[in-house]
Amino acid sequence: MLLTNHLLILALILFFIGLCGTIVRRNLLVMLMCMELMLNSIILALAALSHTTNNVSGTILSFIIYVVAAAEIALAIPIIVHLVKKQKSLDAENFSELKG
């Protein structure tokens, strides 16, 4: 139980570091990395709670989330690279015309 509490606190700290990095930083790659940090903290919390309850479904869900995250990164990085080549900048403010 003590290990679970420490893991949940670590997941919370990692989530807020990622949240602050996403809000404060304007660099697209840094924002993407911070969003991935938030996703990984959620997976850590899910795995810790799954271990506590001795339930395998949380571990399986964590694996599925990792697969989806890998696919998301495989799509997001080329899109960001294409946008950077077009705008010659990584600043998120330069991409305001992409808003729908």
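## Charged side chains

How many positive and negative side chains does the protein chain have, and how far apart do the centres of the two sets lie? In this predicted model, the protein chain carries 6 positive side chains and 5 negative ones, and the centres of these two sets are 6 Å apart.

## Fold and overall shape

The secondary structure of the protein chain consists of 3 helices and 0 strands, and the order of elements from the N terminus is α-α-α. The radius of gyration is 17 Å, well over the 13 Å that the globule rule gives for 100 residues, so the protein chain is more spread out than a compact globule. Along its principal axes, the C-alpha trace spans about 50 × 25 × 20 Å.

Among contacts in the protein chain with a separation of 6 or more, 55% are between residues 24 or more positions apart.

## Burial and surface

Of the 100 residues in the protein chain, 26% are buried. The accessible surface comes to about 6900 Å², and carbon and sulfur atoms account for 75% of that surface.

## Cysteines

The count of disulfides is 0. A disulfide is a covalent bond between the sulfur atoms of two cysteines, and the rule used here requires the pair to lie within 2.5 Å. Because the sulfur of C20 is 9.1 Å from the closest cysteine sulfur, which belongs to C34, the distance is too far for a bond; C34 is likewise in no disulfide.

Methods: Residues are numbered from 1 along each chain as its sequence is written. This is a predicted model: local features need pLDDT of at least 70, side-chain atom pairs count only at pLDDT 80 or more; totals for chains, interfaces and linings use all residues. Side-chain values use heavy atoms; hydrogens and water are left out. Helices (H or I, at least four residues) and strands (E, at least two) are DSSP runs, numbered from the N terminus. The radius of gyration is taken over C-alpha atoms; the globule rule is 2.2 Å times the number of residues to the power 0.38. Buried means under 20% relative accessible area, exposed over 50%, partly exposed in between (1.4 Å probe, protein chains only). Contact means heavy atoms within 4.5 Å. Accessible areas come from the Shrake-Rupley method with a 1.4 Å probe; for residues, only the protein chains shown count as cover. Lys and Arg count as positive and Asp and Glu as negative; His and the chain ends are not counted. The place of a charge is taken as NZ of Lys, CZ of Arg, CG of Asp or CD of Glu.
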